[in-house]
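Me: I would like to learn how to read a fold together with its ligand site. Can we take it feature by feature?

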Amino acid sequence: MQAFTITESDGLLALVAQSVEPTPRDPDDVLVRIEFSGVNYKDAMVASPHSRVRRVASLVGGVDAAGVIESSTVPELAVGTRVAVHGGDLGVARDGGFAEYVYAPSRFISPLPDALSTRDAMVIGTAGVSAMASVLALEDHGLAHDGEVLVTGSTGGVGSVAVTILATRGYRVVASTGSEHQTDWLIERGASRVIRRDEVGDRLDRVLGTERWSGAVDCVGGETLNQVLRCLRYGGAVAASGLVASADLTTTVYPFITRSVALLGIDVVEAPAATRARVWNALAETLTSAALEPLVDSVVDLAHLAQAIDAIRDGKTRGRILVDPTAG
Ligand SMILES: NC(=O)c1ccc[n+]([C@@H]2O[C@H](COP(=O)([O-])OP(=O)(O)OC[C@H]3O[C@@H](n4cnc5c(N)ncnc54)[C@H](OP(=O)(O)O)[C@@H]3O)[C@@H](O)[C@H]2O)c1
């Protein structure tokens with residue numbers, strides 16, 4: 001099969017589209033014929049020299065994929081089932097989704113609801129699963145409809161899907177972005193207004209900012225997450241899933257002890273099957289192909305993946321880059 005491999009040897013990184021033999025790691029691994037994969041920020045971290053995310057010297061990249069089961073000994077994952085494959089060490093320490101086929105353990109595999117095509121599933125991707133998990137966590141916490149919900153990193157994978165989901169579910173969405181030239185696009189996705197990254201917080205000379213956000217979806221981390229916490233309304237919450245700005249968080253306890261706000265941690269990589277099923281069903285209920293298609297930045301073949309990875313690392317993408325492993 002054709003695949004996109006990431007190999008580091010003697011400090012040199014090679015990113016190459018080439019022929020590779022698909023190999024199961026365990027006898028009960030399920031074989032999936034991939035129709036689409038997607039490029040995530042994590043793929044850029046894996047495809048970096050001296051990566052702290054990648055755990056092997058050589059592998060097929062790709063932390064997610066969607067396709068059709070080709071062979072399986074798992075009763076609930078029958079041949080012909082349309083599935084999404086993501087999570088665990090896929091594309092991090094074992095061969096991933098930038099290929100025509102992938103072997104994966106059943107716990108990484110989610111059957112897709114009928115309403116979602118494999119292309120829809122990869123427009124959503126791990127980023128969109130994280131976005132929906134964030135929204136569900138905020139709703140479980142009691143997210144109010146009467147205020148503004150902030151989305152940071154809003155032109156990215158997690159952010160753009162979060163804007164679309166929240167707007168579709170009837171929330172007033174404020175999109176924060178460093179890509180102000182994408183303001184019209186964010187409004188079209190459902191944002192009620194768009195602000196600059198440095199407008200997330202205010203009253204910077206005080207311990208706490210104005211109570212502005214009834215909830216927030218943050219995939220940026222660092223100082224942005226601190227500003228979100230300072231400006232949550234009483235009883236509000238932020239769902240934190242990412243670290244594109246920084247993995248560090250310096251803040252105070254005041255938002256927690258005087259405004260009773262909550263910091264909700266979001267992980268979909270190790271999420272159990274029941275959580276994944278809940279998220280995929282909520283995605284199918286909320287999003288249509290028509291709403292998802294404008295989130296496609298571009299569709300690339302394996303030969304052009306290296307450039308796509310550079311673009312996402314440099315923050316030059318809008319929405320999601322899809323990978324068609326049979327194109328080219
Ligand atoms: N916890 C989980 O299970 C999980 C799952 C999926 C993803 N993630 C994490 O979520 C994060 C986002 O992933 P993604 O695939 O959505 O990435 P992405 O498509 O690259 O989007 C990230 C967005 O953040 C903004 N941004 C980039 N650099 C920034 C900086 N230095 N400071 C502030 N904002 C910056 C940009 O949006 P604007 O230009 O609009 O500001 C960018 O488009 C990553 O850290 C990823 O690892 C976590």
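Me: What distance separates the centres of domain 1 and domain 2?

Reply: Note first that this is a predicted model. The centres are taken over C-alpha atoms, and 28 Å separate those of domain 1 and domain 2.

Me: Which residues belong to domain 1 and which to domain 2?

Reply: Read the bounds from the domain assignment. It gives domain 1 as 2-115 + 289-323. Domain 2 is 126-265.

Me: How many residues of domain 1 are in contact with domain 2?

Reply: A contact here needs C-beta atoms within 7 Å. Eleven residues of domain 1 are in contact with 14 residues of domain 2. On the domain 1 side, the touching residues divide into five nonpolar, three polar and three charged.

Me: How many residues surround the ligand, and which are the closest?

Reply: The shell has 32 residues. Tyr 41, Gly 153, Gly 156, Gly 157 and Gly 242 are the closest. By class, the shell holds twelve nonpolar, 17 polar and three charged residues.

Me: How many helices and strands does the protein chain have?

Reply: The secondary structure comes to nine helices and 16 strands. Along its principal axes the C-alpha trace spans about 60 × 45 × 35 Å. Buried residues make up 48% of the 328 residues.

Me: In what sense do β1 and β2 pair, and over how many bridges?

Reply: Strand β1 (residues 2-9) pairs with strand β2 (residues 12-19) in the antiparallel sense, over eight bridges. Ser 9 has Leu 12 in β2 as its bridge partner. The two strands form a hairpin with two residues between them. Asp 10, in the turn, has a positive phi of about 50 degrees.

Me: What stands opposite Ile 6 in β4?

Reply: Leu 59 does. β1 and strand β4 (residues 58-60) pair in the antiparallel sense over three bridges.

Notes: Residues are numbered from 1 along each chain as its sequence is written. This is a predicted model: local features need pLDDT of at least 70, side-chain atom pairs count only at pLDDT 80 or more; totals for chains, interfaces and linings use all residues. A residue is near a molecule or strand if its C-beta atom, placed from the backbone, lies within 6 Å of it. Ala, Val, Leu, Ile, Met, Phe, Trp, Tyr, Cys and Pro count as nonpolar, Asp, Glu, Lys and Arg as charged, and the others, Gly among them, as polar. Domain bounds come from an automatic or database domain assignment. Two residues are in contact if their C-beta atoms, placed from the backbone, lie within 7 Å. Helices (H or I, at least four residues) and strands (E, at least two) are DSSP runs, numbered from the N terminus. A residue is buried if 20 or more other C-beta atoms lie within 10 Å of its own, exposed if 12 or fewer, and partly exposed in between; C-beta atoms are placed from the backbone. Two strands pair if DSSP finds at least two bridges between them.
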